[in-house]
Amino acid sequence: MRHIIMLLLSASLLLGWGKTGHRVIGKIAEENLSPEANEAITQLLGHTDLGRIGNWADEVKSDPQWDHSHDWHYCTVLEGHDYEGPEAGGRAVQKVIEFTKLLKKGTLGKQDQLDVFRFIVHIVGDLHQPLHVGNGTDRGGNDVKVTWFRDQTNLHRVWDSQMIDHMQYSYTEYAQQIQLGLGEVEKTVMLNADIMQFVNTSRSIHPQVYEIGDGKLSWKYIYKNRELMEDRLLKGGFHLAAILNDIYQ
Ligand code: ADE
Ligand code: ZN
Ligand code: ZN
């Protein structure tokens, strides 16, 4: 029994942003698609609800057919380095680049297009979760044990889901809240996505993310990090829209 519980616990550790995080990013992206991307995605999915498909890549981790995709959700940037490729651990960057090229080429059958599309939507979101760009020492904070209010957890999970869930918004409410008051200039700037740039940004905010004191995280940690977390969700949404707008011109 204890082993089963441990297995269940560890299986839940390695997911990306939690369900709400991916839905918020999908929703923001969907609201910022070009007419051409909107049209192409409707053809592919039958709708443009990116919130609905954003978590599929985590769900298929339970399907042995997709065992080879487990390291597509993160990458590693060692301390004092820039991103140097998948050798450091995690193939997220490589896969986004590869899958973007594949969709642009336009030679995939419908099922492959759908799979590749769902992975892009998911992985671009994951790469905005600062701990999905790991430092190579602690599995993206999964090994950093902390408490979240009264719960035993780890830093990775706090960022994937616990801080977001604490806000008690639905994903549609949160997507709307996060975009309140955005100006057109700001939007235009964010609708340019450079994968190396957003990976480096995720990595560059680690000092703040890892500022955990005695590891008892609650109100103070939220107070210090909420704005940063919401900014990563916002950028995740806009950068995803930018990547999809670029694919479907
Ligand atoms: N496993 C190893 N590094 C990881 C990371 N940064 N995120 C999720 N899982 C990981
Ligand atoms: Zn995660
Ligand atoms: Zn993921």
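Reader: What makes the shell around ligand 1 divide into nonpolar, polar and charged residues the way it does?

Author: This is a predicted model, by the way. The shell splits into 3 nonpolar, 5 polar and 1 charged. Among the residues that come nearest are Tyr74, Leu131, Arg139 and Gly140. Tyr and Leu count as nonpolar, Arg as charged, and Gly as polar.

Reader: How do you know that a nitrogen atom of ligand 1 makes a polar contact with Leu131?

Author: The cut-off for a pair of N or O atoms is 3.5 Å. That nitrogen atom is 2.9 Å from a polar backbone atom of Leu131, so the pair is within the limit. The protein also covers 89% of the 260 Å² of accessible area that ligand 1 has on its own.

Reader: Which residues are called donors of the zinc ion (ligand 3), and why?

Author: They're His73 (ND1), His122 (NE2) and Asp126 (OD), at 2.0 to 2.2 Å. A donor must be within 2.8 Å of the metal, so they qualify. The zinc ion (ligand 2) is 5.7 Å from the zinc ion (ligand 3).

Reader: Why are His122 and Asp126 about one helical turn apart?

Author: Because they sit 4 residues apart in helix 7 (residues 110–126). Both His122 and Asp126 are buried, which means under 20% relative accessible area.

Reader: What makes strand 4 (151–154) an edge strand?

Author: In the open sheet the order is 4-3-5, and strand 4 pairs on one side only. Its antiparallel pairing with strand 3 (residues 145–148) runs over 4 bridges, and two strands pair at two bridges or more, so the label holds.

Technical notes:
Residues numbered from 1 in each chain as written. Chains lettered and ligands numbered in written order. Predicted model: local features only at pLDDT ≥ 70, side-chain atom pairs only at ≥ 80, totals over all residues. Heavy atoms only, no water. Near = heavy atom within 4 Å. Polar contact = N/O pair within 3.5 Å; in protein donor to acceptor, adjacent residues only side chain to side chain. Areas by Shrake-Rupley, 256 points an atom, 1.4 Å probe, with all protein chains shown as cover. Donors = N, O, S within 2.8 Å, 3.2 Å for Na, K, Ca; no water. Buried < 20%, exposed > 50% of the residue type's maximum accessible area, 1.4 Å probe, protein only.
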